Amino acid sequence: MGQYKGSVELRILDQGNDVKLLVAVKRVADYNVKVRVIADASGVDLDGVKMSMNPFDEIAVEEAVCLKEKGVVTEVIAVSCGVAQCQETLRTALAIGADRGVLVQTEAELQPLAVAKLLKAVAEREQPQLVILGKQAIDDDCNQTAQMLAALLGWGQATFASKVVVDAGTLQVTREVDGGRETVGLKIPAVISTDLRLNEPRYVTLPNIMKAKKKPVATLTPEGLGVDVSHRLKTIKVVEPPKRSAGVKVPDVATLLDKLKHQAKVI
Ligand code: AMP
């Protein structure tokens with residue numbers, strides 16, 4: 001990880017310059033939906049399933065919009081890669097407060113490396129100072145895209161961010177790590193991935209949904225960006241988690257204590 005301690009001069013705070021922030025938003029099955037595995041175990045059935053923005057990406061958009069409200073960046077651009085319906089995910093980002101959207105449209109199933117390459121190509125066109133992504137997509141649980149993007153761009157990265165501070169010319173990110181928190185200073189441009197505690201995304205209001213309809217969304221394609229999105233991984237099988245066995249009623253406290261002592265297992 002590109003750790004950089006001490007005072008760093010940031011272009012991000014230059015007065016009068018356009019300072020762009022790219023935020024990646026993925027369309028996934030809504031977190032309230034219980035998805036079913038397809039009979040041939042090749043994946044999950046998304047037919048008729050409610051789709052929403054990946055929850056970690058909502059946090060990413062919220063953070064991006066907060067940085068704009070604080071005057072740290074001047075433009076927030078939301079990017080989504082996938083089918084035409086990702087437009088809806090982009091509209092949600094625009095309703096939270098992003099300024100414009102970029103859809104990289106494809107019917108191909110995208111794996112993290114392909115998404116990272118597409119985001120790199122968009123970053124090269126847009127020249128942002130910061131890219132914010134979710135730490136993981138709740139459908140594939142990969143937790144790879146931000147790290148791959150930072151590596152492809154050759155930029156520093158701060159993953160699992162629980163606090164982002166841009167102050168007096170420095171970017172400092174506090175990260176959720178095993179057993180505590182770590183604060184790192186980063187050179188700009190940089191890639192950040194969001195953890196749960198970074199912020200609480202605002203509610204999207206009806207007037208803002210209406211305003212979002214008028215904001216621009218550009219459509220690009222992997223071919224137009226010169227990115228090969230072919231698969232590097234093959235899914236061999238997908239299975240449901242094991243069913244939990246039914247609970248039992250105990251007649252009294254003594255039996256409960258006995259069961260806890262002799263039968264309870266630490267999971
Ligand atoms: P993953 O590495 O798949 O767990 O995804 C981590 C993050 O990468 C997500 O939270 C998104 O911010 C971003 N991302 C992944 N896939 C896409 C996509 N198809 N379009 C836009 N952003 C994506």
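1. In which loop is the place of A41? A41 sits in the loop between β3 (36-37) and β4 (44-45), where strands (E, at least two residues) and helices (H or I, at least four residues) are DSSP runs numbered from the N terminus. Its phi is near 60 degrees, a positive value in a residue other than glycine.

2. The model is predicted, with pLDDT of at least 70 needed for local features and 80 or more for side-chain atom pairs, whereas totals for chains, interfaces and linings use all residues. Residues are numbered from 1 along each chain as its sequence is written, and side-chain values use heavy atoms, with hydrogens and water left out.

3. Around the ligand there are 18 residues (a heavy atom within 4 Å), and D57, A137, N143, Q144 and T145 come nearest. By class, this shell has eight nonpolar, seven polar and three charged residues, and β6 (75-82) gives the most to it, with three residues.

4. Polar contacts are pairs of N or O atoms within 3.5 Å. An oxygen atom of the ligand lies 2.7 Å from an N or O atom in the side chain of T145, and an oxygen atom of the ligand is 3.1 Å from a polar backbone atom of A24. The protein covers 98% of the 480 Å² of accessible area that the ligand has on its own (Shrake-Rupley method, 1.4 Å probe).

5. N143, in the loop between β8 (130-134) and α4 (145-153), has a positive phi of about 55 degrees although it is not a glycine. A cis peptide bond, with omega about 0 degrees, joins I188 and P189.

Notes: Polar contact = N/O pair within 3.5 Å; in protein donor to acceptor, adjacent residues only side chain to side chain. Nonpolar A, V, L, I, M, F, W, Y, C, P; charged D, E, K, R; others polar.
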